Amino acid sequence: MLTVDFDRLGVRPGMRAIDIGAGQGRHSFELYRRGADVVAFDQSADDMKAVADMFVAMELEGEVPEGALARAEVGDALALPYEDATFDLVLISEVLEHVPEDERAIAELVRVLKPGGVAAVTVPRWLPERICWALSDAYHEVEGGHVRIYKADELAAELTRAGLVVTGTDHAHALHSPYWWLKCAVGVDNDDNPLTKAYHQLLVWDLMKAPWITRTAEKLLAPLIGKSVVFYLEKPGPAGAAAR
């Protein structure tokens with residue numbers, strides 16, 4: 001389940017990319033499939049071990065272009081262990097809402113991005129997230145949980161102040177918003193509720209089969225209740241700088 005549209009980022013073979021807060025690697029795997037030289041980066045050693053194993057499996061199964069490179073590294077998003085202007089593409093998806101010092105994390109992603117490079121930043125959208133917070137304290141008051149709700153214009157201004165240019169926005173995962181509202185209403189740890197179990201089966205069916213009815217519903221509802229907002233960005237610099 002991808003939140004970012006990689007066609008809009010112009011991902012190409014050989015592009016140096018980093019997925020900050022990669023988690024279980026869903027975006028890192030897609031970057032690798034498209035031939036990028038990708039770093040999956042996260043503070044969880046267990047997650048990065050699993051992602052590294054999957055990178056190996058993908059190569060053995062012939063799922064990636066010849067010459068594509070991938071590695072998983074453990075570290076802190078507030079102190080990235082890379083030189084300035086290292087990457088052509090920086091991705092940070094559903095991470096900033098967990099980070100108390102989000103301005104530091106944004107500054108770091110801008111620092112390691114090459115002039116002329118591109119970035120994608122995603123966070124939970126204000127309205128769906130506000131409903132979840134209103135329905136359940138347990139949804140966000142957990143260790144490592146969400147520490148803030150972003151308004152899109154405020155985050156756009158923060159990204160702009162850090163040195164990026166917003167080139168586009170989008171919304172994703174409209175079908176997931178009602179699921180989380182249900183979860184919050186009945187208890188986020190209540191996995192036996194028949195409504196949430198049935199809705200989860202619907203989401204799995206949509207993910208596996210991509211039927212036209214749910215894909216059409218997703219497209220129509222995303223501008224209204226999409227759970228995530230996506231920012232597509234560029235770092236100003238000489239034309240072609242990110243390709244060198």
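With 244 residues, a compact globule would have a radius of gyration near 18 Å, and the protein chain has 18 Å, so the two agree. This is a predicted model. The protein chain holds nine helices and seven strands.

**Overall build**

- The C-alpha trace of the protein chain spans about 55 × 45 × 35 Å along its principal axes.
- Of the 244 residues, 48% count as buried.
- The protein chain exposes about 12200 Å². Carbon and sulfur atoms supply 55% of that area.
- Take the contacts between residues at least 6 apart in sequence: 77% of them join residues at least 24 apart.
- The protein chain carries 24 positive and 38 negative charges.

**Aromatic pairs**

- A pair of aromatic rings is described by two things: the distance of the centres and the angle of the planes.
- The count comes to seven aromatic pairs.
- One of them joins Phe41 and Tyr82. Their ring centres are 5.9 Å apart, with 65° between the planes, and the pair is edge-to-face.
- This pair links distant parts of the chain, 41 residues apart. Phe41 sits in strand E2 (residues 37-42). Tyr82 sits in the loop between strand E3 (70-74) and strand E4 (87-93).
- Phe41 has a relative accessible area of 1%, so it is buried. Tyr82 has 12%, and it is buried too, because buried means under 20%.
- Tyr82 also pairs with Phe87. Their ring centres are 5.2 Å apart and the planes meet at 85°, so this pair is edge-to-face.
- Phe87 is buried, at 1% relative accessibility.
- Elsewhere, ring pairs link Tyr139, Tyr179, Trp180 and Tyr199 into a cluster.

**Helix H2**

- Helix H2 covers residues 26-33 and is mostly covered. Six of its eight residues are buried.
- Those buried residues are His27, Ser28, Phe29, Glu30, Leu31 and Tyr32.
- What do the buried residues of H2 pack against? Their partners are helix H1 (6-9), strand E1 (16-20), E2, helix H3 (45-60), E3 and E4.
- Gly35 follows H2. Its phi is positive, near 95°.

- Ala85 has a phi near 55°, a positive value in a residue other than glycine.
- Ala85 lies in the loop between E3 and E4. Tyr82 is placed in that loop as well.
- Is Ala85 buried or partly exposed? At 33% relative accessibility, Ala85 counts as partly exposed. The reason is that 33% falls between the cut-offs of 20% and 50%.
- Glu94 is not a glycine either, and its phi is positive, about 55°.
- Glu94 lies in the loop between E4 and helix H4 (102-112).

**Thr122: a residue in a strand**

- Thr122 is found in strand E5 (residues 113-124).
- Its relative accessibility is 0%, so Thr122 counts as buried.
- Which residues does Thr122 contact, leaving aside neighbours within four places in sequence? They are Thr3, Val4, Ile92, Ser93, Glu94, Val95, Glu97, Val229 and Val230.
- Thr122 and Leu96 are 26 residues apart along the chain. Their C-alpha atoms are separated by 8.2 Å.

**Lys235: a residue after the strand E7**

- Lys235 lies in the segment after strand E7 (228-234).
- Is Lys235 buried or exposed? Lys235 is buried, with a relative accessible area of 16%. That value counts as buried because the cut-off is under 20%.
- Not counting residues up to four places away in sequence, Lys235 touches Val110, Arg111, Leu113, Lys114, Pro115, Gly116, Gly117, Gly163 and Leu164.
- Lys235 and Glu143 are 92 residues apart along the chain. Their C-alpha atoms are separated by 33 Å.

Technical notes
Residues are numbered from 1 along each chain as its sequence is written. This is a predicted model: local features need pLDDT of at least 70, side-chain atom pairs count only at pLDDT 80 or more; totals for chains, interfaces and linings use all residues. Side-chain values use heavy atoms; hydrogens and water are left out. Helices (H or I, at least four residues) and strands (E, at least two) are DSSP runs, numbered from the N terminus. The radius of gyration is taken over C-alpha atoms; the globule rule is 2.2 Å times the number of residues to the power 0.38. Buried means under 20% relative accessible area, exposed over 50%, partly exposed in between (1.4 Å probe, protein chains only). Contact means heavy atoms within 4.5 Å. Accessible areas come from the Shrake-Rupley method with a 1.4 Å probe; for residues, only the protein chains shown count as cover. Lys and Arg count as positive and Asp and Glu as negative; His and the chain ends are not counted. The place of a charge is taken as NZ of Lys, CZ of Arg, CG of Asp or CD of Glu. Rings of Phe, Tyr and Trp (its six-membered ring) pair if their centres lie within 6.5 Å; planes under 30 degrees apart count as stacked, over 60 as edge-to-face and the rest as tilted.
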